[in-house]
Amino acid sequence: MRIKGQGSRVSRPAGIAGRDRQGPGWMKLGIIIFSALILSIADCGLLTCWADVFSSNDLIKDAKKWDGYKVTYRGEAVAAVMDRGAFSWVNLNDGDNAIGVWCSSKLLAKTKFLGDYKTAGDVLEVEGKFHRACPMHGGDLDIHAYSVRIVKSGYRIPEEIDTLRANVSAVLFLLIIASVIIFKKRT
Amino acid sequence: MLSVVEGDQMILRPDLDDYKIIGHYLGKVVIGVGILMLVPLAIAFGYSETQPAIDYLFSMSITLMLGYLLTIACHTKEDLNTMHAMAVASLAWLGAMFVSAMPLYLSGHYNSYLDSCFESMSGYATTGLTLANNLDHMSNAHNFWRHFIMFLGGQGIVVIALTFLFKGTAGAFKIYAGEARDEKILPNVIETARFIWLVSLVYLVIGTVALAVSAVIGGLEPGKAMFDSICVFMAAWDTGGFTPQSQNILFYHNFSFEMISLVIMFLGSINFALHYAAWTGNRRELFRNIEISTFSVSIAIVLSITAWGVAAQKVYANGTSFFGKTFFHLVSAHTGTGYSTIYPAQFVNEWGQLAMTGIVFAMAIGGSVCSTTGAIKLLRMGVIFKALRQDIKKLMIPDTAVLVQTIHHIKDLILEDKHVRSAALILLAYIVTYSIGTVAGMLYGYPLSEASFESVSATANVGLSCGITIPSMPNGLKIVYILQMWAGRLEFMAILVLGAMIFATFRGKR
């Protein structure tokens, strides 16, 4: 399952507006108040609501740039939820790479499908703090998520059987067994 | 009367019987690979994976058919001489690569047959570079096969086929040397091969249990923990580097799992003769052996270079993360394993050029001879260093004095020119091969640092990647890396003999 990222626009704090040398004093005050408001909104994570989803390639390629920022990341939960008590690990694969997400175990309680050969895992969208080298987890690149939601439920993948290949295999196998027996008898 | 004959004049043209002997034994090895496909077939049945089971039945049938056709067409009762053994060793690895790639290709996880051949050679050569797509959805049978061929390659596929599946002949065991396993730990090769298997199986049990316990404590359910632990053990012990998940060892987010795999990597890179010494109570050997002392010096130097480079980038906030990441990757590189807990792009973007250089040096040197590692190897580095020291000393002592340089490798040996020549030739061959791959990478437009990193990783059978090895990489570069992995694993001699045989076919004397 491939879920492509939507680009690299994010919920990073807005920069301070450039100084307006020509403008009157109240305008400067307005800019400062507006900037402070934007910063506070960004800091409490509300801005992520408007943000696009990061791709794993964006995060890995520009890990230094996004280190410590709040990000939204979406991917298929693969293989296992690794329960470590109050918190758990889940790896989310967006089609290019999988990234480890560390979050409260309660947030993953509804995750039922985990991607493997027979299963398409639940697609989770997480919001959290991105670390290029997490000091809490031995320097791993990870996301500490504070919100997790299932955007697409997983399902069992029906196995497609190639009947032609199955029949050819059976014939070939019988043929080889017969050949070996004949050859052994002759020698 | 002695006569002097030029080398070229002594090359005899191989006749039909020579080719029949080679074809016959090559066929036996191919049959051996076909029989070994029963293992993933059983895994497929065990996990109720129907389509993979069909893939293995199909591949096994084709492989057995090819093998039997070859043995029948080249039927002979002649035994192998050294030239035949070398040719069989080198051709068998190509043959095994080709047939083992079949089920991988049928899995649908590879873009082309070339990609699955790359994966197969990477497995047999215990490299660990991968071109698999969507690895997280690969069936257990196919995933097990990737790791199993790594285990077989590490132990030596030709030796396995001939010791376990067929009655070995005296000549057949000359192939043992052709697979770069030229040391006799015990008086004869059969006993040596059996000892290697005994050591490997004992560690397989201990290592798998240790990894599985760690994985279960880390939150994996027992079935998945057991499957992954067997796979990770096989790849770590044989210093391969494949893992069942796309994130490599990072998937587990488990420090103890990383440390256990680090110990297994280290044990896998140690000479089996040293394992024998330790098993028989001769623990002093561990402190006196030239390979261990060379390893200590080498790891101290490359760790300093890498740590300096990583520290300069200020990536890690605390000492534990910094030392953990640096040391893990350095041991992974030095032992030729290629396990990683960072993404390939992070080597380039986060670790920087100096740290990458340290890793390249570690990969280029490698582990011990008579282990499962590739690269130049510690014994040769130690011998060359001792020879250099001896030459410098000679310049500083009176002309009339005689200087004797000894080395300790299982027993005390006087360092002779033949030892130095042999080590220097292999060193030269590796440097040339590293360079060829680097130039090839640069011709395809990659920067020097990245091209050299990937080239050394392929030749030294390491498997760390800085991002070049991906399914969309140029086909020409895939072929170059396949040849590098093949040559690096067999340590050139068998391939050079095969080349000489082909040359003699056209230019040799009747």
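Asp67(A), Arg132(A) and Glu350(B) are linked in a network of salt bridges. A salt bridge here is a side-chain nitrogen of Lys or Arg within 4 Å of a carboxyl oxygen of Asp or Glu. The model is predicted, so local features need pLDDT of at least 70 and side-chain atom pairs count only at pLDDT 80 or more, while totals for chains, interfaces and linings use all residues. Residues are numbered from 1 along each chain as its sequence is written, chains are lettered from A and ligands numbered from 1 in the order in which they are written, and side-chain values use heavy atoms, with hydrogens and water left out.

**Salt bridges**

Side chains of opposite charge can pair when their charged atoms come close. Over all chains, the structure holds 13 salt bridges.

| Pair | Closest N and O atoms |
|---|---|
| Lys377(B) and Glu491(B) | 2.7 Å |
| Arg165(A) and Asp162(A) | 3.6 Å |

Helices (H or I, at least four residues) and strands (E, at least two) are DSSP runs, numbered from the N terminus. Both Asp140(A) and Lys325(B) are buried. Buried means under 20% relative accessible area, exposed means over 50%, and partly exposed lies in between (1.4 Å probe, protein chains only).

In the salt bridge between Arg165(A) and Asp162(A), Arg165(A) is buried at a relative accessible area of 19%, whereas Asp162(A) is partly exposed at 30%.

Lys377(B) forms a salt bridge with Glu491(B). Lys377(B) sits in the loop between helix 17 (344-365) and helix 18 (378-396) of chain B, and Glu491(B) in the loop between helix 21 and helix 22 of chain B, so the pair ties together parts that are 114 residues apart in sequence. Lys377(B) is buried, with 3% relative accessibility, and Glu491(B) is buried as well, with 7%.

**Positive phi values**

Most residues other than glycine have a negative phi. Glu491(B) has a positive phi, near 55°. Asn134(B), which is not a glycine, also has a positive phi, of about 50°. Asn134(B) lies in the loop between helix 6 (113-124) and helix 7 (140-155) of chain B, and at 40% relative accessibility it counts as partly exposed.

**A pair of helices**

Two packed helices are described by the angle between their axes and the distance between the axes. The axes of helix 20 (residues 448-459) and helix 21 (residues 475-490) of chain B come within 7 Å and cross at roughly 45°. These axes are lines fitted to C-alpha atoms, for helices over the stretch in contact, with angles from 0 to 180 degrees between N-to-C directions. Helix 20 and helix 21 of chain B are therefore oblique to each other. Angles under 35 degrees count as roughly parallel, over 145 as roughly antiparallel, 65 to 115 as roughly perpendicular and the rest as oblique.

**A nonpolar surface patch**

Leu198(B), Val202(B), Val205(B), Ile206(B), Val209(B), Val213(B), Ile217(B) and Trp279(B) form a nonpolar patch on the surface, with about 730 Å² of accessible area together. Patches are made of residues with over 30% relative accessible area and no salt bridge: like charges are joined within 9 Å, nonpolar side chains (Val, Leu, Ile, Met, Phe, Trp, Tyr) within 5 Å. Accessible areas come from the Shrake-Rupley method with a 1.4 Å probe, and for residues only the protein chains shown count as cover. Helix 10 (residues 189-217) of chain B gives the largest share of the patch, seven residues. Leu198(B) lies in helix 10 of chain B and is partly exposed, with a relative accessible area of 45%.
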